[in-house]
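I opened this notebook to record what I looked up in the model, taking one element at a time. The sequence and structure come first, and my entries follow.

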Amino acid sequence: MSQLSITAKRAGWRFASSLPALFGVLVFTFLLMRVLPGDPAVFFASGPTAGKEEIETIRKQMGLDKPVPEQLLRYLGDIGTGNLGRSLTTGQPVLSDLKSRLPASLELTFSALLIALVTAVPLGVAAALKQGSGIDHIVRFICALGVCVPTFVSGLLLIYVFYYLLGFAPDPTGRVDIFTSPPPLVTGFLLIDFALAGDWEGWRAAASQLVLPAFTMALFVVAPLARITRAAMLASLGSDFLRTARSLGLSRRKVIVTYALRNALLPVLTIAGIVFSTMLGANVLVEKVFSWPGVASYALDALLSSDYAPVQGFVLLMASIFVLVNLTVDVLYGIADPRVSVE
Amino acid sequence: MTIVRTGWLAAALLTSTALLASPALAQTRAETLRHVTGAAINTLDPNIPGSTREAFGLSLLTYDRLLSFGRKQLNGKWVFDLDSIRGELAESYTVSPDGLKITFNLRKDAKFHDGTPVTAEDVKWSLDREVSANVLGKGQLLTGSLTSPDQFKIIDAHTFEVTLPKPDKLALANLAVVYPVIINSKLAKSHATAEDPWALNWLKDNTAGSGAYIIESYKPGETTILRRNPDWNRGSADKPASFKRIITQTVPEAATRANLVEKGDADIVIDLQATDAADLEKKGKLKVVSTPQYNSITFVSFNNQMPPFDKIEVRRAIAAALPYDDMFKAALFGRGAPLYGANWPDGKAPTGEVFPIPQPLKTDLAEAKKQLAAAGLPDGFSTTFSFNVGQAGTAEPMAALLKESLGKVGIKVDIQKLPDAQMSTLINEKKVPFFTEGIVAWLPSMDYFYRNFYIGPIRWNYASLDDAKITEWAQAARFEADKAKYASYGKDLNTRHFELMPQIPLWQPAQDAVMASSIDGYVYQFHRQIDFRDLSRK
C-alpha cells in the first residue's frame, strides 16, 4: 500500500513540475511559427486574382491581423477553453483532427514498440550470453541494418514485396480496407473497437493493414533496444551479486531471468520511453508511405503550408504525451527496481 | 535480413491476410470508382478562401452551375472547350443581339438533393452571394463583367436574366467555372446568421446542391465517398452519372499511388510522378491519357524591376543560355508540350488568337555572351534561383541543369529551395529575383492570360511587368468582338512579349491520367481535376 502511495505521490509531483515546461513549449512554438518566413494567408489565397482583399480576408479569419502579443493572449485563452483553432489544410477544428488522428498514430506506435521489444530483448539477451559468438555478430548485423535503412526505404520495400509482388498484404491505404465498414467509435483504436463490436472480420482487416507499417517502424527501433539490452545484460552478468547467485547454485534460468534481466531492464525501460515518444512524432515517413492518417503527417502538411494552428496543436500534444510517457516510465522503474521508490 | 526475421514477417502476414478477401469488395466494385490522390479536400464550398484544387473538383460533382463547358479534341485528346458552352441547370440560354442581356431558361425538372425544385430564386441568391460575400467567386466573376446583384433578375420561376455593362466574351464562360454554384437558397438561408448572411460557415461543412453526386462520408485528409444522385440528368447524355459510388482517397506517397493503380486496386489517378506514368505507359496494361495542360505554362521568371534583370539584355542572355531540351527531358521526361524551338522567320509572332505559343528560342551560348556584354556584364554576375518544395520533383533537375549552363556564360547561380508558403509570400512581396513558377488559367483566352498575368502589382504578375503597350492592348482585346482585330492585338502582344522577354515560357506539362483500361470518357478539365460525371466503365 505504502509502495503505491509513494509512487502516486512521486508521479503527482513529477507531473506538477512538468507544467511550466509545457507552458514554455506552448509559448515557444507560438512564437517560432510566427518567426518562420512564409505568410499562410498568401499561401492559401489561391484565387484567380489573389488580390489584397482575399489575403486580408484569410488573415482576418486566422486572426493574424492583430499584434503578436494579442494573438498570444487570445491563443492562451482559447487553449484554456479547449479550442486549438482551425486548420486551413483540412478545414476542420484542430482538436477534432487530432482526436481522430491520434489513436491511429498511437495504435501504430504501440504495435511497433511491442514488436520491437518482443524481438529486441531476446536478441539482446542472447547476444550478451554468447558474447563474441556467431549469434552476437548476427544481432549486431541486424541492428546495423535496421538503423541504416531509412524507414521510407524499408517501408516502400516491404510494400513492393508483400503488396506488389506477392500480394499477401492489403493495399497500403490507411487503417482499414475502404470496403470494410468501420466499427462504432469507442476508443479510436481499431483493433480494440472491432474486438468490442465482435466484428472479427473487420479486426482481421485492420490488423492486416497494421502489420506492414508496424514492422517498418519496429525495424528501425530494434537496434537501440537490442544494443542497450545487450550492454545492460553484460553489466549485470558481470556483477558481484550474480557471481554470488551462481556460487549458491541457483538454476541458470533463475540467475538469468530473475536476477540479471530484471536488473538490466532499467535502462531498457528508459530507452523504450524515449523511443516511444520519438516514434510517435517521427514516424511521419511511415505514415506518408502507408497513407496512415496519423498526427505526424498531419503536422508536416500543416508545417509546409505555414498553417499555424495544427502545428501548435501538434507540438502541445507531443509535449503532453512526452510528459505522460516519462511519468509512466517513472512508475515502471519503481516496479522494476524497488530501490528507486525509496527516497 | 536473417532467416528468423523474414520467417516472422511472412508468418504474420500470411495469417493476417489469408482471410482478408471480403465479399463486399466484389459486390460493388464494378459500379464503384476508386480514385487516389496525393492531396486533400478542405471545404465543401469551393468559394471559401483557401479552398484546395481537390475541393474544386468535388464541388463540380455535388453542385450544378447554370452552364458547363463542352469538349473538343486537341491532338487526339479530349479537352474542355472554352468556346462550346452548354446548359447545365439552364435548359437553354439566349444572348440578345447587342450582347448585353443573357436569358436563361431553367430546367423545370431539376431538384436539389433534398427534393426541393431549383428555381430562379435560388439562382439569384447564389449569384448575388458570389458578387456580394467575401468569396473566391467575387474575383473570378469580375473577369466576366459580373460584379453587382443588380445585374441578376428573376423573370419568372424558371426564367432568369443577366445584364452586362459591356458585351463580354467571358461572361458565359465565367458562369461555367467552379465558383458560381447554384445553392439551395431556402436551406442555406435557414443556416445563415446575422454575422454570416451568406451561410459561409454552414456551407463549408455541408452541401446544399443539386449535383450528380451526394456526399456519403467525408473525412478531410483521408477519404471522401460519394453516392450517385439518381435524379440527376444534366449530363450530356441526359441521364444520371455512370458510377454509383466514387471513392476519393488521399495517398500521399506517389510511388504507392502508382502501385495501387497498377495492381488494379485503384481505378484512376492523375498525380503520378512523370517517371511512373511513363513506366506504366510502357507496360501497356493500363490506359494512360497524357494531355498537355493547354491552359497552363511553366516559366523561368525574373523580377523585371530588380537589377540586373531590369536590363532586357540580361533577360535575353538567360533565354539564350537555357538548356531547353535537357531540362524538358530531365524535369518532365518529355511529357508535355514544349514552348521553345519555334521559328519566326520575320521575328514576329505567327499567330495571335492564342497564348502561349512556341517561342523562337534555342540554346545559343555565344548569343548569351554577346547579350551579357551588351548589358555591360561581360563577366557575368551572381544570383539565386528559387523554387518551392512542392515543385521539387520537376524543378530540382531543371535548376541543376540551368545552373550548369548559366555557369558557362559566367552567371553564378545559387539554388534556393523554399517551403511553399515562404515562396508564395516572397513572390507576393516581389522579393524573388530569379525563379521558376507555373500558371494556370481556367479560361485560357489570349487576353485573359495577358490581363491576369502581366498587369498590375498582383501576385500572378511574376515578372512584375509594367508595360504600357501590353496593358493597353490586352484591355482593348478584351472587348474586341471582331475576330480578325482580336487576332491582330494578339499578334502584337505575342510579339511584344517575345521582344521584352519578361519571363521565359518553357513548356506546358502534361497531365497524365492513368486509369484501368476499362475506364472510358476521360476529359482534361479546366480545373485540372477529374470530372467523374464524364467517366464510365466499359
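Is helix 3 of chain B mostly covered or mostly exposed, and how many of its ten residues are buried? I find that helix 3 (residues 53-62) of chain B is mostly covered, with nine of its ten residues buried, where a residue is buried if 20 or more other C-beta atoms lie within 10 Å of its own, exposed if 12 or fewer, and partly exposed in between, the C-beta atoms being placed from the backbone. Helices (H or I, at least four residues) and strands (E, at least two) are DSSP runs, numbered from the N terminus.

Before going further I noted the conventions: this is a predicted model, in which local features need pLDDT of at least 70 and side-chain atom pairs count only at pLDDT 80 or more, while totals for chains, interfaces and linings use all residues. Residues are numbered from 1 along each chain as its sequence is written, and chains are lettered from A and ligands numbered from 1 in the order in which they are written.

**Helix 3 of chain B, continued.** I listed the buried residues, among them Phe56(B), Leu58(B), Leu60(B) and Leu61(B), and also Glu54(B). The cover over the buried residues of this helix includes strand 1 (32-37), strand 8 (213-219) and strand 9 (223-228) of chain B, with contact taken as C-beta atoms, placed from the backbone, within 7 Å.

**Chain B as a whole.** I counted 18 helices and 20 strands in chain B, and 51% of its 538 residues count as buried. The C-alpha trace of chain B spans about 80 × 70 × 45 Å along its principal axes. The radius of gyration of chain B is 25 Å, which agrees with the value near 24 Å that a compact globule of 538 residues would have; the radius is taken over C-alpha atoms, and the globule rule is 2.2 Å times the number of residues to the power 0.38.

**Strand 13 of chain B.** Strand 13 (residues 296-302) of chain B is mostly covered as well, since six of its seven residues are buried. I followed its pairing (two strands pair if DSSP finds at least two bridges between them) and found that it joins strand 17 (residues 434-440) of chain B in the antiparallel sense over seven bridges, with Glu437(B) as the bridge partner of Phe299(B). Four bridges join strand 13 to strand 18 (residues 503-515) of chain B, again antiparallel, and there Val300(B) has Ile504(B) as its bridge partner.

**The four-stranded sheet of chain B.** I traced an open, antiparallel sheet of four strands in the order 4-5-7-6. Its edge strands are strand 4 (90-95) and strand 6 (152-156) of chain B, each of which pairs on one side only. Strand 5 (residues 101-106) and strand 7 (residues 159-163) of chain B pair over five bridges, and Asn105(B) has Thr159(B) as its bridge partner in strand 7. Helix 4 (residues 120-132) of chain B lies across strands 5, 6 and 7, running at about 180° to strand 6; axes are lines fitted to C-alpha atoms, for helices over the stretch in contact, and angles run from 0 to 180 degrees between N-to-C directions.

**Trp202(B).** I found Trp202(B) in helix 8 (residues 200-205) of chain B, and it counts as partly exposed because it has 18 C-beta neighbours inside 10 Å. Leaving aside neighbours within four places in sequence, Trp202(B) is in contact with Ala188(B) and His191(B).

**Chain A.** I counted 14 helices and zero strands in chain A, and 45% of its 343 residues count as buried.

**Where the chains meet.** I found 54 residues of chain B in contact with 56 residues of chain A. Helix 1 of chain B gives the largest share of the side of chain B that touches chain A, seven residues. The residues on that side divide into 24 nonpolar, 22 polar and eight charged, where Ala, Val, Leu, Ile, Met, Phe, Trp, Tyr, Cys and Pro count as nonpolar, Asp, Glu, Lys and Arg as charged, and the others, Gly among them, as polar.

I then looked at one helix pair: the axes of helix 7 (residues 151-165) of chain A and helix 9 of chain B come within 11 Å and cross at roughly 5°. That makes helix 7 of chain A roughly parallel to helix 9 of chain B, a term for angles under 35 degrees, with over 145 counted as roughly antiparallel, 65 to 115 as roughly perpendicular and the rest as oblique. Leu156(A), Ile159(A), Tyr163(A) and Tyr164(A) meet Ala255(B), Thr256(B), Asn259(B) and Lys263(B) there.

Terms used
Contact = placed C-beta atoms within 7 Å.
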